[in-house]
Amino acid sequence: MKLVDLHTHSTASDGTYSPTELVKLAKEKGLCAIAITDHDTTRGLEESIEAGRKFGIEVICGCELSVEFPQGQMHIIGLWLPLPPRKLEKELKYLREKRHSRNRKIIEKLNLLGIDISYEDVLREVETGATVGRPHIARALVKKGAASSLQEAFDKFIGPKGLAYVPKEKFSPEKALGILKREGATTILAHPFSLNLSEGELRDQLRRLISLGLDGMEVYYSEHDREHTELYLEICRDMGLLISGGSDFHGSVKPHIELGRGQGNLQIPYDLVEEMKRYRRERGLHVNS
Ligand code: AMP
Ligand code: ZN
Ligand code: FE
Ligand code: FE
């Protein structure tokens with residue numbers, strides 16, 4: 001069976017594999033297609049397309065946006081972005097700038113807690129121009145000896161219950177779906193379990209999101225158990241949503257997650273990509289890398 005992974009992160013955001021290394025790893029894992037879906041950025045895409053040509057892997061250009069959702073975490077993935085995605089990049093630049101002010105606030109709070117850390121210490125963990133996020137701050141905290149592990153850095157300091165937590169500026173679901181659709185992207189609700197909703201509430205939310213331009217939902221995901229996977233499949237069929245799947249691979253930031261395999265529970269068939277392409281062709285949208 002031809003296998004894929006439609007949710008991955010590179011060093012363009014908070015993953016630890018460069019776009020090229022990620023595509024090479026996809027080849028080694030026997031995948032035939034991979035979507036690069038970095039947070040708030042498209043800067044890894046050109047490189048990953050190049051690498052896709054080199055290694056004979058179909059690369060789908062994507063990105064992942066966190067959106068406002070009080071009950072839980074709502075993330076929207078856009079797939080088949082054009083290159084360059086000019087309109088989208090203009091909007092993403094705003095988010096990345098907001099991230100810098102948030103990161104500075106986190107550093108200030110850490111300093112007030114008596115931790116000797118500067119934004120420069122964090123930026124040393126990041127490739128120039130990449131999306132700077134909490135995983136980078138966590139790495140700097142571990143290097144400084146303020147936390148013994150990334151997990152501890154999140155639990156004690158920068159996670160939602162941590163002493164130096166600062167929320168992130170996000171778009172509304174309307175805005176995020178709007179800008180992705182304007183670029184001709186196929187839009188996917190990522191890891192629906194993180195919305196913390198009952199089945200009925202999820203169906204209600206999906207109706208709202210579909211009216212705003214949602215095309216599909218991530219059914220196969222590293223943290224979805226069998227029961228959830230089956231429920232999400234049924235919901236996709238009932239509501240006419242495209243079915244997606246991905247591991248959310250981040251390299252050593254999430255060492256328990258393997259590309260294409262998740263926590264060992266994933267096997268995402270290429271058929272899903274075929275179906276998405278069919279859906280796009282019907283709407284006159286491009287299906288090339
Ligand atoms: P940010 O976008 O800056 O808020 O950072 C979000 C990223 O932090 C997510 O993509 C996760 O990879 C990572 N993250 C969130 N919580 C944890 C945690 N408890 N342990 C490790 N990584 C985490
Ligand atoms: Zn991430
Ligand atoms: Fe996510
Ligand atoms: Fe992700």
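Q: Which helices and strands each supply at least two residues of the lining of the largest pocket?
A: First, the terms. Helices (H or I, at least four residues) and strands (E, at least two) are DSSP runs, numbered from the N terminus. A pocket, on a 1 Å grid over the protein atoms alone, is an open set of points where a 1.4 Å probe fits, with protein on both sides within 12 Å along at least five of seven lines, and lining residues have an atom within 4 Å of a point. In this predicted model, β3, β4 (74-79), α3 (86-112), α5 (134-143) and α6 (150-158) each supply at least two lining residues. The largest share, four residues, comes from α6.

Q: Okay, and how many residues line the largest pocket?
A: There are 44, and Gln73, His75, Arg134, Phe154 and Lys254 lie nearest the pocket's centre. Volume here is the space filled by probe spheres set on the grid points, which are joined across faces, edges and corners; for this pocket that's about 1,300 Å³.

Q: Where does the largest pocket lie?
A: Domain bounds come from an automatic or database domain assignment. Domain 1 (4-89 + 170-282) and domain 2 (92-158) both give residues to the lining, so the largest pocket lies between them.

Q: What about the second largest pocket: what is its volume?
A: About 170 Å³. Helix α9 gives the most to its lining, with four residues, and residues lining this pocket include Tyr220, His224 and Arg226.

Q: Now the metal. Which residues are the protein donors of the iron ion (ligand 4)?
A: Donors are N, O and S atoms within 2.8 Å of the metal (3.2 Å for Na, K and Ca); water is not among the atoms, so sites may look incomplete. Here they're His7 (NE2), His9 (NE2), Glu64 (OE) and Asp248 (OD), 2.0 to 2.2 Å from the iron ion. Along the chain, their spacing reads H-x1-H-x54-E-x183-D. His9 lies in the loop between β1 (3-5) and α1 (19-28) and Glu64 in strand β3 (residues 58-67), so this pair ties together parts 55 residues apart in sequence.

Q: Are His9 and Glu64 buried or exposed?
A: Buried means under 20% relative accessible area, exposed over 50%, partly exposed in between (1.4 Å probe, protein chains only). Both His9 and Glu64 are buried.

Q: What should I know about the numbering and the cut-offs?
A: Residues are numbered from 1 along each chain as its sequence is written, while chains are lettered from A and ligands numbered from 1 in the order in which they are written. Local features need pLDDT of at least 70, side-chain atom pairs count only at pLDDT 80 or more, totals for chains, interfaces and linings use all residues, and side-chain values use heavy atoms, with hydrogens and water left out.
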